[in-house]
Amino acid sequence: MDFHTLIQILDSTIRLATPLLLACLAGLYSERAGIFDIGLEGKMLAAAFFSAALAAMTGNVWLGLLAGIAASLALSALHGLASITFRGNQLISGVAINFLAAGLTVLVAQDWFRQGGRTPALSGNGRFAPIDLPLADTLRDVPGLGPVYAELISGHSVLVYAAFLAVPATWWLLYRTRFGLRLRAVGENPAAVDTAGVSVVGLRYGAVMICGVLCGIAGAYLATALQAGFVKDMTAGRGFIALAALIFAKWRPWQAMWATLLFGFLQAVALRYQNIDIAGITIPVQVMDALPYILTVVILAGFVGKAIPPRAGGEPYVKER
Amino acid sequence: MTFMKSLMGAAASLALSAGLAVAEPAIIFDLGGKFDKSFNEAAFKGAQRWAEETGGKFRDIELQSEAQREQALRRFAENGANPVVMVGFAFADALSQVADDYPDTKFVIIDMVVDKPNVRSVVFNEHEGSYLVGMLAAMASKTGKVGFIGGMDIPLIRKFACGYAQGVKAVKPEAEIISNMTGTTPAAWNDPVKGSELAKAQIAQGADVIYAAAGGTGVGVLQTAADEGILSIGVDSNQNYMHPGKVLTSMMKRVDNAVYQALKDGPDMETGFSVMGLANGGVDYALDEYNAPLISAEMKARVDEAKAAIAGGEIKVHDYMSDDSCPALSF
C-alpha cells in the first residue's frame with residue numbers, strides 16, 4: 001500500500017464515517033439522558049428522503065437540509081411522546097420509528113414523484129458541493145503534508161466539517177456546562193435531578209430533540225452530499241452501526257469519533273480490497289464487513305474494559321406518589 | 001321457499017362461475033420493488049404492455065419480506081390466478097414446495113429453474129449480453145482498466161461479471177478488470193452510498209468504464225461515474241437516459257419480453273425450460289439517442305459482428321453458473 005493509496009482510503013474513511021459520527025453523537029445525547037434510541041436508522045432515513053425531496057423541488061439544498069432536520073425532529077418528538085410522556089418501552093418505540101420511516105418514505109416518494117419510491121436526481125444547487133479549503137492547490141505539491149491537506153482535509157462538503165466540529169462542541173456541552181451536567185445526571189439518577197428542582201421531562205425532551213437535529217443532518221448528508229437523491233432503504237443499517245460505535249465508545253464523545261473513524265476505515269478497506277492477504281492467510285471481505293459488530297460484542301462481553309450504559313437508561317421516570 | 005332456494009342456488013353458481021372465469025394472471029415482484037428502474041420494473045412494463053394490448057387485467061404484489069414468498073404464491077393460486085409469474089431467483093424454494101399443490105395453475109419463474117410439470121422456467125443468457133458490453137467497455141477505455149460492481153455476491157451476478165470480463169479480454173487481452181461485490185446480504189441491492197464509494201475506489205485504481213450490475217446500488221455507481229467524468233454501463237433496463245452522454249450503454253435483459261410472452265400464452269402455456277439469449281432477443285446492448293455519440297461506427301460494427309457470431313454459435317461465451325469458475329476473472 002503506497003502513500004497515495006493510503007490517502008485515498010483515509011479520504012473514503014472520512015466520507016463513510018461522517019454519517020456514522022453524526023448518528024453516533026445523536027444517540028449519545030439521547031442515551032446519556034436515559035432515553036435509548038434504536039430509531040436512529042429511521043430518523044436518518046426520513047431525513048434523507050425529505051432533504052432530497054425538498055432539494056429536488058426547490059433546487060436549494062439548504063431548504064432540503066432544514067426539511068430533513070424537521071422530519072427527523074418530528075420522529076424524535078414521537079419517540080419522546082411515547083417514551084417520556086407516556087412512559088412506553090423505548091426499544092419498541094424505536095423499532096416502530098424504523099418501520100414507520102422505511103414504509104412512509106417510499107410511499108410519499110411514490111406519491112410525490114412517481115419514480116418508484118425515489119426522488120429525481122439532484123444537480124447544481126440541489127446538492128452540497130465539496131469545499132476547497134484555502135491554499136489547498138498551492139500546498140498540494142508540498143511533499144508529505146501537502147497531499148494530506150489537499151486531498152484528505154480539503155474537498156469535503158460543509159456537513160463533514162460540521163460533524164467533526166460537533167465532537168468538541170459535544171464534549172464542551174456535556175462536561176463543561178450546567179446543561180451538560182444535568183443531562184448526564186438525568187441519565188444516571190433522575191430522582192436526584194428532580195429533587196434539585198430541575199425538570200426531568202424537559203431535559204429528556206431537550207436531549208431527544210438534539211438527537212433529532214443530528215440525525216437530520218446525517219440523513220441529509222447521505223442523500224444530498226454523498227448521493228444525488230433518495231433511494232429506498234438507503235441508510236442500509238448505518239444507524240445500527242452508529243449504535244454499535246456508541247457502545248464501543250462507551251458513551252463518550254471523543255471516543256465516539258475514533259470509533260466511527262475506525263468503523264469507517266474498516267468499511268473503506270473492505271471496499272478497496274475484496275480479499276486481503278496477510279502473511280499467507282486470505283481474509284475475505286465478509287470478515288471486514290462483520291468486524292464492527294464483532295468488536296462491539298467483544299466490548300460488551302467485557303474483554304476490553306467494561307461498557308456501562310447510563311444507569312437510568314431505558315427506564316421511564318416516575319415521580320414517587 | 002323453493003323460489004328462495006333456486007335464487008340462492010343461482011347466486012351460488014354465478015359466484016362460482018365468476019370465480020372460475022376470472023383466471024387473471026398475477027405477478028409477484030421481488031424485494032427490490034416494482035419500480036427499481038431495473039429488473040422488477042422491466043417485468044412490470046412487460047405486464048403493462050400486455051394489459052394495454054389485450055385490455056386484460058393482472059394482479060400484482062410487491063414483497064416486503066422473505067417470509068411472504070410462499071404465502072403470496074398460495075394466495076394467488078387459491079384465488080384462481082393463472083398463470084402466476086414470479087420475478088426473481090429467490091422464489092425457487094417456495095415454488096418447488098407450492099407447485100405440486102396446485103396442478104392446474106401454471107407458474108412462471110424468471111432467473112431460476114424449477115423442474116415441475118406446471119412450471120415454466122425462464123433463464124437469460126446474461127453472460128452473452130455482458131460479453132457485448134464488455135467489448136464496448138474495452139474499446140471505450142483509455143486506461144486499459146475497466147471496473148465491475150456487482151450487487152449481492154451470488155452466482156448469478158458472477159455470471160454477469162464473467163461474461164463481461166470475457167468480452168473485455170476479447171478486445172484487449174492485456175486489459176485489467178477490477179471487480180467488486182457490494183455485499184452478501186439483500187441490503188447490497190439498495191446501498192447507493194456503498195456503490196459510490198466502490199466506484200470512487202475503482203476510479204482511483206485507474207478504471208475509466210464501470211459496469212454496475214447491482215440494482216438500486218447501481219444508481220450510486222452511475223451517479224459517481226457521471227460526477228467524476230468517466231463512463232458507466234447500466235443493467236437490466238435501458239438506463240442510458242439517467243445520465244445522457246455519461247452512460248456508455250446498458251446490458252438489457254428483456255424480462256419485459258419474457259413476462260409479456262407468459263401473459264400472452266396464458267393458462268394454456270407450454271411449460272418447461274425457456275432460454276432467452278442473444279439469438280432470440282432475450283438480452284442485448286442498448287443504443288439510443290443518449291449514448292449514440294459515445295458509440296462510434298467502428299465500435300458498433302465490431303459488437304454487431306460478435307453478436308451475430310454468438311447468436312450463430314461461432315463464439316461460445318463461458319457461463320459461470322455451468323461450472324462455478326471463470327477463465328477470464330478470478331473472484
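## Two domains in chain B

In this predicted model, the C-alpha centres of domain 1 of chain B and domain 2 of chain B are 29 Å apart. According to the domain assignment of chain B, domain 1 is made up of 15-124 + 257-268 + 271-276, whereas domain 2 is made up of 126-252 + 296-323.

## Where the domains of chain B touch

Contact between the two domains involves 11 residues of domain 1 of chain B and 10 residues of domain 2 of chain B. On the side of domain 1 of chain B that touches domain 2 of chain B, the largest share comes from helix H2 (residues 39-54) of chain B, which supplies three residues. Sorted by class, this side of domain 1 of chain B holds five nonpolar, two polar and four charged residues.

## The fold of chain A

Turning to the other chain described here, chain A contains 13 helices and two strands, and its C-alpha trace spans about 70 × 50 × 40 Å along its principal axes.

Of the 321 residues in chain A, 48% are buried.

Notes. Residues numbered from 1 in each chain as written. Chains lettered and ligands numbered in written order. Predicted model: local features only at pLDDT ≥ 70, side-chain atom pairs only at ≥ 80, totals over all residues. Helix = DSSP H or I, 4+ residues; strand = E, 2+ residues; numbered from the N terminus. Buried ≥ 20, exposed ≤ 12 C-beta atoms within 10 Å, placed from the backbone. Domains from an automatic or database assignment. Contact = placed C-beta atoms within 7 Å. Nonpolar A, V, L, I, M, F, W, Y, C, P; charged D, E, K, R; others polar.
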